[in-house]
Amino acid sequence: QNKRPIYLPNETTDDDLFIEICNDKSHQINPHQLGFIPANFWLDESYQFGDIVRDFFHRKNHPSCRFSHKLFNALKLTESNKSYFAFTGVEWKSEKVLHVNKIRFARLLGIKSINGSLFHQQGNFPAFGFTELPMHEIQKLFGEEVIQSIDIEVDHYLIHSPGVFVSNCSEQDIADE
């Protein structure tokens with residue numbers, strides 16, 4: 001089998017654990033049961049986590065594998081088990097507020113140019129309608145404790161300006177975007 005290696009954009013202390021879970025043949029997930037989209041792309045069977053990283057999250061965008069699908073599915077993974085945040089880098093902090101650890105999310109997607117690909121004016125998040133919350137808004141919503149734990153170079157708190165991509169959105173909501 002011709003396996004592509006897992007790409008690591010920045011060296012972090014999480015990388016060894018990420019590679020370990022990607023290479024662990026016993027670490028299986030069923031994307032269909034987790035609600036991954038597009039629903040018709042995923043068979044109701046278990047896949048090795050590393051295969052999903054290589055064959056879906058690292059894949060170039062195409063109709064069954066858009067940025068919105070990758071983001072939605074990464075959030076579904078984290079929603080299924082909070083410990084996946086260390087591997088996905090994305091989680092809902094509230095119904096509308098998305099927390100992105102850019103290093104972890106870029107590693108999941110295999111992105112080399114992190115800021116340019118994700119947050120630049122033409123990057124994936126702005127292009128898809130996400131805007132960054134200012135620090136005072138994060139503090140107002142989540143308190144001083146969250147502010148103290150944020151690494152402003154890495155952690156981004158975003159909302160979807162059109163208000164469609166929220167924690168309870170559906171595949172159809174995203175397809176209509």
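Tutor: A salt bridge is a side-chain nitrogen of Lys or Arg within 4 Å of a carboxyl oxygen of Asp or Glu. By this rule, the count comes to five salt bridges. This is a predicted model, where local features need pLDDT of at least 70 and side-chain atom pairs count only at pLDDT 80 or more, while totals for chains, interfaces and linings use all residues. Residues are numbered from 1 along each chain as its sequence is written, and side-chain values use heavy atoms, leaving out hydrogens and water.

Let's start with Asp15, which forms a salt bridge with Arg107, their closest N and O atoms being 2.9 Å apart. Asp15 lies in helix 1 (residues 15-23) and Arg107 in helix 6 (residues 102-109), so the pair ties together parts that are 92 residues apart in sequence. Helices here are DSSP runs (H or I, at least four residues), numbered from the N terminus. Both Asp15 and Arg107 are buried; buried means under 20% relative accessible area, exposed over 50%, and partly exposed in between (1.4 Å probe, protein chains only).

Next, find Asp51 and Arg54, whose side chains meet in a salt bridge at 3.5 Å, N to O. Both lie in helix 3, three residues apart, about one turn of the helix. An α-helix has 3.6 residues a turn, so residues three or four places apart point the same way. Asp51 is buried at 18% relative accessible area, and Arg54 is buried at 7%. Eight of the nine residues of helix 3 (residues 49-57) are buried, so this helix is largely enclosed by the rest of the structure.

Finally, Lys93 forms a salt bridge with Glu91, with 3.5 Å between the closest N and O atoms. Here Lys93 is partly exposed, at 34% relative accessibility, whereas Glu91 is buried, at 12%.

Technical notes. Helices (H or I, at least four residues) and strands (E, at least two) are DSSP runs, numbered from the N terminus.
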